[in-house]
Amino acid sequence: MTRRSPDSGDASSDERICATCGEVIELTAWHPVLAEPDAGGVLHLYPFCSADCRTAWNQRNRE
């Protein structure tokens, strides 16, 4: 697998990169995605390579 560092604060800019760990996501397979609006009402999509990464992202961003 290939790994890239997620961009700080803008992980939603590339649907091929996990928002938590920077792993390149295989787009032909299912992967979890989170949709969340910002303060201005713009919807951002955060892709994850696994359910564990989505859980980690949720925990990190809820603190």
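Biologist: Is tyrosine 46 buried or exposed, and how should I read that?

Modeller: A residue is called buried under 20% relative accessible area, exposed over 50% and partly exposed in between, with a 1.4 Å probe and protein chains only. Tyrosine 46 has a relative accessible area of 15%, so this residue is buried. The model is predicted, so local features need pLDDT of at least 70 and side-chain atom pairs 80 or more, whereas totals for chains, interfaces and linings use all residues. Residues are numbered from 1 along each chain as its sequence is written, and side-chain values use heavy atoms, with hydrogens and water left out.

Biologist: How many aromatic pairs does a search of the whole structure find?

Modeller: Rings of Phe, Tyr and Trp (its six-membered ring) pair if their centres lie within 6.5 Å, and their planes count as stacked under 30 degrees apart, edge-to-face over 60 and tilted for the rest. Here the search finds 2 such pairs. In one of them, tyrosine 46 and tryptophan 57, the ring centres are 4.8 Å apart and the planes stand at 35°, so the pair is tilted.

Biologist: Which parts does the pair of tyrosine 46 and tryptophan 57 tie together?

Modeller: Helices (H or I, at least four residues) and strands (E, at least two) are DSSP runs, numbered from the N terminus. Tyrosine 46 lies in strand E2 (residues 43–47) and tryptophan 57 in helix H1 (residues 51–62), so the pair joins parts 11 residues apart in sequence. The chain has 1 helix and 2 strands, in the order β-β-α from the N terminus on.

Biologist: Which residues do ring pairs link into a cluster?

Modeller: Tyr46, Phe48 and Trp57 form that cluster. Tryptophan 57 is also buried, at 5% relative accessible area, in a chain where 27% of the 63 residues count as buried.
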